[in-house]
Amino acid sequence: MHHGDLPKQRDTFAKCCGRLSIMPLLVTGTIGIDTVHTPTAHVECVPGGSCAYFAAAASFYHAPVRVLAAVGGDWPDEHRSLLTGIPGLCLDGLELRKNS
């Protein structure tokens, strides 16, 4: 990349995420469906995985945070909506593998 390309890259990042840092943070890892048991509660079918948790946490300190991961065909649309609602989180690199 040349320095002359930087304004174009910044525009792309801003359109994707609505917030802007000079360089995006790329997060890879797993995204899945979790069941969580604690001493006081139990939830099923919630978004989970190291990539999802780290990306959500990182978005509090940096933007854009770009996710690079794959999910299976059983991954609910509501989970995508939940992650899309996090300011600064960009899911353009999230691949849906329907037969996985």
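Modeller: Before we look at a bridge partner, one definition: two strands count as paired if DSSP finds at least two bridges between them. Keep in mind that this model is predicted.

Colleague: Okay, so which residue is the bridge partner of L25 in strand 4?

Modeller: The general idea is that strands of a sheet pair through backbone hydrogen bonds, either parallel or antiparallel. Here, L25 has V65 as its bridge partner in strand 4. Strand 4 covers residues 65–72, and four bridges join it to strand 1, with the two running parallel.

Colleague: And what is the strand order of the open sheet?

Modeller: Its three strands come in the order 1-4-5, with parallel pairing. The edges are strand 1 (25–28) and strand 5 (89–97), each of which pairs on one side only. On average, neighbouring strands of this sheet are turned by 20° against each other, ignoring direction.

Colleague: Which strands does helix 2 lie across?

Modeller: Helix 2, residues 50–58, lies across strand 1, strand 4 and strand 5. Relative to strand 1, helix 2 runs at about 160°.

Colleague: How exposed are R97 and E95?

Modeller: R97 is partly exposed, with a relative accessible area of 43%. E95 is partly exposed too, at 40%.

How values were computed
Residues are numbered from 1 along each chain as its sequence is written. This is a predicted model: local features need pLDDT of at least 70, side-chain atom pairs count only at pLDDT 80 or more; totals for chains, interfaces and linings use all residues. Side-chain values use heavy atoms; hydrogens and water are left out. Axes are lines fitted to C-alpha atoms, for helices over the stretch in contact, and angles run from 0 to 180 degrees between N-to-C directions. Contact means heavy atoms within 4.5 Å. Buried means under 20% relative accessible area, exposed over 50%, partly exposed in between (1.4 Å probe, protein chains only).
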